[in-house]
Amino acid sequence: METPTLSLEQLRFPVGRFEYPSVYQTALTQKSIDVIAGLPAQLRAAVEGLTEEQLDTPYRPGGWTIRQVVHHLPDSHLNSYTRFRLALTEERPVIKPYDENGWAQLPDAQSAPIESSLQLLDALHQRWVMLLQSMNFPQWHRTFVHPEGGEMFLFQTVGMYDWHSRHHLAHITTLKTRMGW
């Protein structure tokens, strides 16, 4: 049974909205890498022991289910990993956006067991963190162009995926708290 009442804004953005860093900061970038490195274990811990019914519970009215959030994370982070690789090897590549809501409605995102996505996230983050830790100052200032969001520096993008990791993890953990799971 749900306990605390939160606004739709609080349910949608339990860690607040993302704010882009305007300048590169080594400590902030390392903190972001640490968050990304820790997500797979934190996500696994957050969903451990949940029933199928609990996995199929939306984190908010009209929101994705926990299962969809778990499947979304490797989908999104694989796209980001690819964007980093493109930006590091091409000059200002224009990246292809994807329809994350459409992907969340595909049959695998709605009903597949979550273990494959947990394993995919773990392997992906091992590689991604190795790449992030190897980057130097000029590389953090490389960019890609998002057709909707414009030019993005890699130091801003790592900050966004730090936020994205905490954002979706909090969707799960706050739902569990509200429901008393």
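## Lining of the largest pocket

In this predicted model, the lining of the largest pocket comprises 12 nonpolar, 13 polar and 6 charged residues. The lining amounts to 31 residues, and H72, E100, W163, H164 and H168 are those nearest the pocket centre. The volume of the largest pocket is about 810 Å³.

Four elements, α4 (66–89), α5 (100–104), β1 (143–146) and α9 (154–179), each contribute at least two lining residues. Helix α9 provides the largest share, with 8 residues.

## Aromatic pairs around F84

The model contains 10 aromatic pairs. One of them joins F84 and W128 in an edge-to-face arrangement, with 6.0 Å between centres and 70° between planes. Because F84 belongs to helix α4 and W128 to helix α7 (residues 115–134), this pair ties together parts that are 44 residues apart in sequence. F84 has 0% relative accessibility and therefore counts as buried; W128, also at 0%, is likewise buried.

F84 also pairs with W140: the ring centres are 6.3 Å apart and the planes lie at 85°, so this pair is edge-to-face. Since W140 lies in helix α8 (residues 137–140) and F84 in helix α4, the pair links parts that are 56 residues apart in sequence. W140 is buried, as is F84. One aromatic cluster is formed by Y24, F84, W128, F137, W140, F153, F155 and Y161.

T57 is located in the loop between α3 (52–55) and α4. Its relative accessibility is 17%, so T57 counts as buried, the cut-off being under 20%.

A polar atom of the T57 side chain lies 2.9 Å from the backbone oxygen of E53. Beyond neighbours within four places in sequence, T57 contacts W64, T65, I66, L175 and W181.

Definitions and conventions. Residues are numbered from 1 along each chain as its sequence is written. This is a predicted model: local features need pLDDT of at least 70, side-chain atom pairs count only at pLDDT 80 or more; totals for chains, interfaces and linings use all residues. Side-chain values use heavy atoms; hydrogens and water are left out. On a 1 Å grid over the protein atoms alone, a cavity is a set of points where a 1.4 Å probe fits but cannot get out, and a pocket is an open set with protein on both sides within 12 Å along at least five of seven lines; lining residues have an atom within 4 Å of a point. Grid points are joined across faces, edges and corners, and a volume is the space filled by probe spheres set on the points. Ala, Val, Leu, Ile, Met, Phe, Trp, Tyr, Cys and Pro count as nonpolar, Asp, Glu, Lys and Arg as charged, and the others, Gly among them, as polar. Buried means under 20% relative accessible area, exposed over 50%, partly exposed in between (1.4 Å probe, protein chains only). A polar contact is a pair of N or O atoms within 3.5 Å; within protein, one must be able to donate a hydrogen and the other to accept it, and residues adjacent in sequence count only if both atoms are side-chain atoms. Contact means heavy atoms within 4.5 Å. Rings of Phe, Tyr and Trp (its six-membered ring) pair if their centres lie within 6.5 Å; planes under 30 degrees apart count as stacked, over 60 as edge-to-face and the rest as tilted.
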